[in-house]
Amino acid sequence: MSNRTDPDKTLDDERLAHFLERIDRGDKIEADDWMPDDYRNQLIKLISMHGVSEIMGALPEKEWVPKAPTLRRKLAIMAKVQDEMGHGQLLLRVVEDLLAPLGKSREDLLQDLFSGRLKFHNVFHMEAPTWADAGVIAWLVDGAAIITQTMSLETSYAPYARALQRICAEEKFHAQHGESIVLELAEGTPAQRQMLQDAVTRWWPSLLMFFGPPEGGTVSSNQLLNMRYKIRSQTNEELRQAFFNKYVNRIYHLGLTLPDDTIRYDEAEDVWHYRQPDWDRFVQIVRGNGPCSAQRLRLRKTSYEEAQWVRDAMLAAPRAEYVAGGSL
Ligand SMILES: [Fe+2]
Ligand SMILES: [Fe+2]
């Protein structure tokens, strides 16, 4: 034993070996279990990005609440926006427990979002100029999210898996709400069909980017680490292929086209071939240089500042007369 030379290191090695054994046999890790620093850091990165993306994702759709074409659609899109904010809150709560031992808080995370250090998902930097965009976002962006999040239901970190069970159930309603809008427009007037086609064309590159860059023969060290720790089980490209399997033919069956004449399914290889989106543009978008990045961050920041009085009121010390009065 080498603990005479470096007892801390030996203890850490033993803990790591035990942790990896737990991961290998499919144990789920809880917030107060011992975990290696890189496991904690990977989770913080993943779940905080997911959490703030839910909140930022509510913004493009929120724009359509006052302009929804009927009362029924207005109620449905309002409910979806409310769900997305709830998903964000659930996930930030999960991240808070991971941050606490590092002396960081939810407030720090939000400040990281406002300063651009914490990125949010590429799709939520984009414009939603028509009602068809609201439909395509709910059908295909939420559809893409369901594919990623269904994989993550099996994640080794139990609090994330529990939050995702509720989130995935609600995302399915969102996708159905989107599909219903899309079907109505697909069966509508020539102008409505054109509006839908334009939205699909506009969103296609963002949908390809949604899953992140392909591995190109080598899986990134981040992805490898996440797979070793069973935080995730599929690569970006595997998830994108699952998206093609589910949606490409559905899009064609609506009589719509995709802005990619190379897309085809190769039966022998069991793989979809497609034209890569502009990955340099993807990097620019997630760095905050997308068409709506600055405007949406400004809106989120203003709304956070204007709601400060609510947090102050909720967190204020209870007034003496209520404490003295005992329970309600
Ligand atoms: Fe969501
Ligand atoms: Fe959703």
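Buried residues are taken here as those under 20% relative accessible area, exposed ones as those over 50%, and partly exposed ones as those in between (1.4 Å probe, protein chains only). By that criterion, aspartate 142 and histidine 174 are both buried. The structure is a predicted model, in which local features need pLDDT of at least 70, side-chain atom pairs count only at pLDDT 80 or more, and totals for chains, interfaces and linings use all residues. Residues are numbered from 1 along each chain as its sequence is written, chains are lettered from A and ligands numbered from 1 in the order in which they are written, and side-chain values use heavy atoms, with hydrogens and water left out.

Donors are N, O and S atoms within 2.8 Å of the metal (3.2 Å for Na, K and Ca); water is not among the atoms, so sites may look incomplete. The iron ion (ligand 1) is coordinated at 1.9 to 2.2 Å by Glu54 (OE), Glu84 (OE), His87 (ND1) and Glu171 (OE). Along the chain, these donors follow the spacing E-x29-E-x2-H-x83-E. Glutamate 54 belongs to helix α2 (residues 37-62) and glutamate 84 to helix α3 (residues 71-99), so that this pair, 30 residues apart, links distant parts of the chain; helices are DSSP runs (H or I, at least four residues), as strands are (E, at least two), numbered from the N terminus. Glutamate 54 counts as buried because its relative accessibility is 7%, and glutamate 84 does so at 4%.

Turning to helix α4 (residues 106-115), its buried residues are Leu109, Leu110, Asp112, Leu113 and Phe114. These pack against α2, α3 and α11 (293-306), where contact means heavy atoms within 4.5 Å. At the start of α4, a side-chain oxygen of serine 105 comes to within 3.3 Å of the backbone nitrogen of glutamate 107. After α4 comes glycine 116, with a positive phi near 95°.

Methods: Polar contact = N/O pair within 3.5 Å; in protein donor to acceptor, adjacent residues only side chain to side chain.
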